[in-house]
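I opened this notebook page to record what I looked up in the model. The entries follow in the order in which I took them.

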Amino acid sequence: LSKRIESRCRLRVLRHDDGPRGLMIAKQTGGDAATGEFIGFYDCHVAPRLEWHKETMRLLKEKSRRLVIPMIGALNIDTWDEIPNGGFVGKCWVNFNADWWWYDDESPYSPVISGGLVATTRSWWQESGGFDPGMHGWGGENTEQPIRTWLCGGDVVRARTSVVAHMWRTEKDKRTIARYKIREKYDNVARTAAAWFDDFLPKFRSGNTPNVNVS
């Protein structure tokens with residue numbers, strides 16, 4: 001891979017000695033090793049538009065304690081190009097079960113994020129600790145990290161001109177289905193509720209309060 005990437009990109013490949021440990025831990029390892037001013041996570045199955053990064057970086061320069069999400073389009077996995085007129089999503093809201101759903105309005109702010117397409121500053125990554133170390137695999141971090149950012153005085157904003165085409169998983173195309181399995185049993189969503197819902201925790205799963213240690 002290093003031979004196929006231009007030297008100006010200064011690519012570093014990091015591997016876990018004990019084998020695959022799931023998406024979130026891989027992101028944590030990469031984020032902790034980053035040396036630039038900004039840190040971005042954009043999955044491997046995406047295709048950004050030219051100059052997609054400019055508004056994202058401008059928004060991060062305005063406020064360090066911030067998460068920035070792009071406009072997410074659809075990816076043609078045969079050509080690896082954005083599907084024209086394929087529609088866009090980006091903003092998400094969260095309910096008392098810590099589940100998220102797409103929505104849209106004219107505000108630049110978003111309650112939470114959808115998952116693997118987000119950028120932040122290295123200073124906020126280091127100050128906040130990145131992801132919850134008790135989470136495994138993927139899922140749940142897309143609500144936990146934004147809620148933590150909001151409650152700590154930060155915000156989550158959308159960059160309208162930062163367009164990234166994304167491959168959506170569908171049963172109709174087996175190429176899009178994930179092929180890895182997580183070795184540990186986990187409930188990341190319950191960790192989000194236990195950590196941050198406070199007085200609203202009894203509303204989580206109709207009072208089925210999670211028995212998880214988030215201290």
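Predicted model: local features only at pLDDT ≥ 70, side-chain atom pairs only at ≥ 80, totals over all residues.

Residues are numbered from 1 along each chain as its sequence is written, and side-chain values use heavy atoms, with hydrogens and water left out.

Cysteines. I took a disulfide to be a pair of cysteine sulfur atoms within 2.5 Å. My search of the whole structure returned zero disulfides. C92 is in none, and the nearest cysteine sulfur, that of C44, lies 19 Å away. I recorded C92 as buried because its relative accessibility is 0%. C152 is partly exposed, since its relative accessible area is 32%.

Segment before α1. Helices (H or I, at least four residues) and strands (E, at least two) are DSSP runs, numbered from the N terminus. I located V13 in the segment before α1 (23-33). V13 counts as partly exposed because its relative accessibility is 41%. I also checked V13 against G30, 17 residues apart along the chain, and found their C-alpha atoms separated by 9.0 Å.

Strand β1. Two strands pair if DSSP finds at least two bridges between them. β1 pairs with β7 (residues 118-121) in the antiparallel sense over four bridges, and the bridge partner of I39 in β7 is T120.

Cavity. I defined a cavity as a set of points, on a 1 Å grid over the protein atoms alone, where a 1.4 Å probe fits but cannot get out; lining residues have an atom within 4 Å of a point. The structure holds one cavity of 30 Å³ or more. The largest cavity has about 30 Å³ of space, a volume being the space filled by probe spheres set on the points. Its lining consists of I39, F41, L67, V118, A119, T120, W125, F131 and Q145. β1 and β7 are the elements that give two or more residues to this lining, and β7 gives the most, with three.

Terms used. Buried < 20%, exposed > 50% of the residue type's maximum accessible area, 1.4 Å probe, protein only. 1 Å grid on protein atoms, 1.4 Å probe; cavity = no way out; pocket = protein on both sides within 12 Å on 5 of 7 lines; lining within 4 Å.
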